[in-house]
Amino acid sequence: MNPLLGSLNPYPFERLRELTKGIVPNPAMRPISLGIGEPKHPAPPLVERALCGNLDGLSNYPPTIGEPALRESIAGWVQRRYGVALNPATEVLPVLGSREALFSLAQVVLDPAERDAVVVCPNPFYQIYEGAALLGGAQPVFANSDPARNFACDWSAIDEATWARTRLVYACSPGNPTGAVMPLGEWQRLFELSDRYGFVIASDECYSEIYFNDQAPLGGLQAAQALGRGFRNLVMLSSLSKRSNVPGMRSGFVAGDAAIIKPYLLYRTYHGSAMSKLVQMASIAAWNDEAHVEANRALYRLKFDRVTPMLAEVLDVRLPDAAFYLWAGVPGGDDVRYAQDLLAQYNVAVLPGSLLARDAHGVNPGAGRIRMALVAGVDECVEAAERIVAFTRAWRP
């Protein structure tokens, strides 16, 4: 067996199950889960129609590079959304959701013969970053989020010797779990480091279409264009899962530097990761339509408008820049105990922030906070908030 498998850490939800396995939730209350970031809004009818109308695609092996029409629809969406022009033939590649691509991209970028390579990740972070680094034979190094700067990553905490060994940086904007959006100055700092040391930047932007004001989040390719830099050593990853409420469809894309896309396509032809023809046709329908995205965004805004002020009465929490999470500080700072007692007494599941982070630079930047995913319906989210308020007012750390 691959010995690197032994280096993987348990997924946060596995750790949470272990921490709560002896707990019997209050049976007088129906269970409400704010733990898993899985969209619960209905899938758009136009996507369902496109899936059902292209079942003949099941009879053919799809090309790994994807149909030209899909790549053109993705490039068209990037142009409309970010004002960035892409070559659909060389700078766009469909993938089976951003999660799969975040992992497999590292296997292309990293040299397995290099024993001291580094992958820099935000902290707290999406666990795939760490697993991709470890199975690529690299060492994950963490840039902690800074609450004083709206949870922006403190890239300055990484020393020059470590940057010199860095081969890949995962940037996540809007961030999971904090919802923080990287401003142009932060992108400029990363680009300067990439140009100096030659590492690849993978910009995870799967939450880009859920935001709470009229200013859409800045994207990585958009930032590069604004700075006149070009896409050198830069790719963005996006997905329909959150944008269009189709996580089960597994559809996304990687776009950017053609010098990365080309070898990544070669890898994927061997990896067996071609997207089904009917999923491609449904994806075209989704990327070409904004009405369902605007309706989806409005529903999230309604939930956050209702829930955030309620929770702010008892928790350290405020409206994030974007994404569908609330990142809240708990009284007393024991996020695990808080989550355990909330589940036992009020049958509401949340994710302790310390499980989403690693000890780095002397602290665990997720400790003392919880992540709440407002993915359920409005009424269910409000009911969960009411229970959390009642619990927190009575809870004694």
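**Close-up views of a predicted model**

**View 1. Lining of the largest pocket.** In this predicted model, 26 residues line the largest pocket, and Tyr11, Gly37, Arg99, Tyr126 and Lys242 are those that lie nearest its centre. The volume of this pocket is about 510 Å³. Helices α1 (12-20), α4 (98-109) and α9 (240-243) each contribute at least two residues to the lining. The most comes from α4, with 3 residues. By class, the lining of the largest pocket consists of 14 nonpolar, 6 polar and 6 charged residues.

**View 2. Lining of the second largest pocket.** The second largest pocket holds about 250 Å³ of space. Its lining is made of 15 residues, with Leu16, Thr20, Ser33, Leu343 and Ala349 nearest the centre. At least two lining residues come from each of α1, β1 (32-33), α13 (335-346) and β11 (348-349). Here α1 gives the most, with 4 residues. The lining of the second largest pocket divides into 10 nonpolar, 4 polar and 1 charged residues.

View 3. Leu8 is located in the segment before α1. Its relative accessibility is 34%, so Leu8 counts as partly exposed.

View 4. Thr178 sits in the loop between β6 (166-172) and α7 (184-197). Thr178 counts as buried because its relative accessibility is 12%, which is under the 20% limit for that class. Between Thr178 and Leu356 the C-alpha to C-alpha distance is 11 Å, while the two are 178 residues apart in sequence.

**View 5. Salt bridge between Glu290 and Arg243.** The model has 17 salt bridges in total. In one of them Glu290 pairs with Arg243, and the closest N and O atoms are 2.8 Å apart. Glu290 belongs to the loop between α11 (277-287) and α12 (291-312) and Arg243 to helix α9, so the pair ties together parts that are 47 residues apart in sequence. Glu290 has 26% relative accessibility and therefore counts as partly exposed. Arg243, at 2%, counts as buried.

**View 6. Salt bridge between Glu313 and Arg393.** The closest N and O atoms of Glu313 and Arg393 are 2.7 Å apart in this salt bridge. Because Glu313 lies in the loop between α12 and β10 (325-329) and Arg393 in helix α14 (residues 378-394), the pair ties together parts that are 80 residues apart in sequence. Both Glu313 and Arg393 are exposed.

**View 7. Salt bridge between Asp316 and Arg369.** Asp316 and Arg369 form a salt bridge through their side chains, with an N to O distance of 3.6 Å. Asp316 is in the loop between α12 and β10 and Arg369 is in strand β13 (residues 369-373), so this pair ties together parts that are 53 residues apart in sequence. With 12% relative accessibility, Arg369 counts as buried.

**View 8. Salt-bridge network.** Arg30, Glu380, Glu383 and Arg387 are joined by salt bridges into a network.

Conventions: Residues are numbered from 1 along each chain as its sequence is written. This is a predicted model: local features need pLDDT of at least 70, side-chain atom pairs count only at pLDDT 80 or more; totals for chains, interfaces and linings use all residues. Side-chain values use heavy atoms; hydrogens and water are left out. On a 1 Å grid over the protein atoms alone, a cavity is a set of points where a 1.4 Å probe fits but cannot get out, and a pocket is an open set with protein on both sides within 12 Å along at least five of seven lines; lining residues have an atom within 4 Å of a point. Grid points are joined across faces, edges and corners, and a volume is the space filled by probe spheres set on the points. Ala, Val, Leu, Ile, Met, Phe, Trp, Tyr, Cys and Pro count as nonpolar, Asp, Glu, Lys and Arg as charged, and the others, Gly among them, as polar. Buried means under 20% relative accessible area, exposed over 50%, partly exposed in between (1.4 Å probe, protein chains only). A salt bridge is a side-chain nitrogen of Lys or Arg within 4 Å of a carboxyl oxygen of Asp or Glu.
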